[in-house]
Amino acid sequence: MSLELKNVEKKVGIDTHIYPTSIKLEKNTINVLLGSTLAGKTTLMQIMAGLDKPTSGEIWFNEKNVTGMKVQKRNCSMVYQQFINYPNYTVYENIASPLEITGVNSNEIKKRVGKVAELLKLSAMLNKKPDELSGGQQQRTALARALVKDSDLILLDEPLANLDFKLREELREELPKLFEDRDCIVVYATTEPSDALMIGGNTATLLEGKVIQYGKTLEVYNKPENLISAKVFSDPPMNIAEIKKNGDICRLTDNSVQWKSSTKIKDGTYKIGIRPHNITTYKEGNNSVEINGKVQISELSGSESLIHFTNGNLNWVSLSNGIQQKNVGDNTKLYMNTDEFLYFDQNNRLVNNG
Amino acid sequence: MNKTINQKAWFFVIPVFILVAFNAAIPLMTVVNYSFQETFGNNVFAWEGTRWFKQILLSERFHAALARQIAFTFIILLIQIPLGIGIALTMPKKGWGVPVCLILMSMPLLIPWNVVGAMWNIFALPDIGFLGHSLNGLGFDYNFTQQPGDAWFTTILMDVWHWTSLVVLLSYAGLNSIQPAYYQAAEIDGASRWAIFRYIELPKMKKVLTLAILLRFMDSFMIYTEPFVLTGGGPGNTTAFLSIDLVKMALGQFDLGPAAAMSLIYFFIVLLVCWVFYNLMMKNEAQS
């Protein structure tokens, strides 16, 4: 089983929503589409589902061309950001609805609904209506409807975006387990890099209707092919600076920071990408280097501290563990872990990391 | 926290108090006053107790008017609600058709009620009116000024023409508030057009439809101007709905006592139905 997009393009009027895209999703994989709003995630999913037709290009499923085939014939299911359930059906009837339409017999329906309800912790509320449930339970019901069908393709379009923080964390942990023993392809769209890392599988980074990079999630994260992919897969945003390399000495172009690098790239001008968590208020790794900064914003995010500071003309973002309060306007010293630097050439392609 | 007591705040309430007193309470109390007394003019009143109420409640004339009223309201609700939903479903959801349809739909609502009555009166005249003349030309024996059936037909047609738009606009608003994801989800499930209507659109329109039914009930139950101009309650009394009958009694016969009693009974019927409606709505609200 596989789903393959061949040169799929989507235009609406003069706007291009999806630039020609080729991507192959394999059986039993979870594939994350990672990109900001309007990156084309939803459009791509709707094309995969058959809810929308590509302007050009083909969609192949199981080595069969299914371009233009209607969604009803494709055996796929979809979960949306909004909690979509039939309003005057009970939870049980909601979960059973896709089976009833396809004419599965009632004993079989009962068995399958019971099983999936247990999996999603809905057994106690099968007789309730969606309006009586919390947001998390409503979304669980929608997920159950998607799972009960044994679809070949399950599409999840930012399913956790409308949930509060705690429910999101809870469901995010459960999600990969739900799909573990299933014979299907899962596509999961999200704007949050942390979602992709948590879910694992494969990730495609998207920007403005283009698939930038597709591969194993950790690989895309650790070895982004280019600066754009690295930027998409970084939250808070990645720090980018121009550097000059001369021998084994690298320095920022304004000479404010310099460090020894073991990277084997040629001498010259490069860009480095530094993830915020690699700039900290404490030393990390064996090859850390000091940077002086003037604090612009200091805020807490959970048990982490986010410090925005300026160094010369550049704005930097750092993310440290624990509570590290700084006063705005103060000069402070931070440490960058040079082992984690990503080096990009003038064409924004990754040349080396470390 | 310490609360400061400032009785001056009451002064802010006084204007509203006066306004409500003048536009609701005082006129209503005048009616209440009349309903228990007999007057012979010259400001001479005699106490009659509940006599007028008994008389009205037992009178065949009132029963007939009430029956006509209920039948009329029932028929127009039965036509306007499904028709309104139907039209709303077929209206375009985007593009240039939207403003065109919305404007066309609001037109009848903007026409003054007596003009609607006069328009339809002329339109339906059997000799010169387009509708009346055409129907007769087609071989129907149509004359709304003489035949009760034709008078009812015309009154109902007029009301449907005038007010279905309101149901359409409310339903359309309800339909437009349904997120496209619902339709996609149904499409993925392979739901039929009927199932989409029955299980997504109708439940999602429930609130606006309750409102539409309530508004149309109240308006049609209190209808006066349009049938008064169109048929004047005739032929005979066959289209004399409650309010037309009431005016006949109060101004035509100057029976102020019975008319006042009838007004109050009328008022309580409307109040009762609204109360029942309101409670049903709130019960639904509490369930969801």
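Which residues in H3(A) meet which residues in H4(A)? A:Arg112, A:Val113, A:Val116 and A:Ala117 in H3(A) meet A:Ala144, A:Leu147 and A:Val148 in H4(A), a contact being two C-beta atoms, placed from the backbone, within 7 Å. By class, this contact has six nonpolar, no polar and one charged residues; Ala, Val, Leu, Ile, Met, Phe, Trp, Tyr, Cys and Pro count as nonpolar, Asp, Glu, Lys and Arg as charged, and the others, Gly among them, as polar.

This is a predicted model, in which local features need pLDDT of at least 70 and side-chain atom pairs pLDDT 80 or more, while totals for chains, interfaces and linings use all residues. Residues are numbered from 1 along each chain as its sequence is written, and chains are lettered from A and ligands numbered from 1 in the order in which they are written.

Helix H3 (residues 106-119) and helix H4 (residues 135-148) of chain A pack at about 135°, their axes 10 Å apart. H3(A) and H4(A) are therefore oblique to each other (angles under 35 degrees are roughly parallel, over 145 roughly antiparallel, 65 to 115 roughly perpendicular, the rest oblique).

The domain assignment, automatic or from a database, divides chain A into domain 1 (2-226) and domain 2 (239-353). Four residues of domain 1 are in contact with six residues of domain 2. On the domain 1 side, the touching residues are one nonpolar, one polar and two charged.

A:Ser301 and A:Glu58 are 243 residues apart in sequence and 44 Å apart in space, C-alpha to C-alpha.

Key:
Axes fitted to C-alpha atoms, helices over the stretch in contact; angles between N-to-C directions. Helix = DSSP H or I, 4+ residues; strand = E, 2+ residues; numbered from the N terminus.
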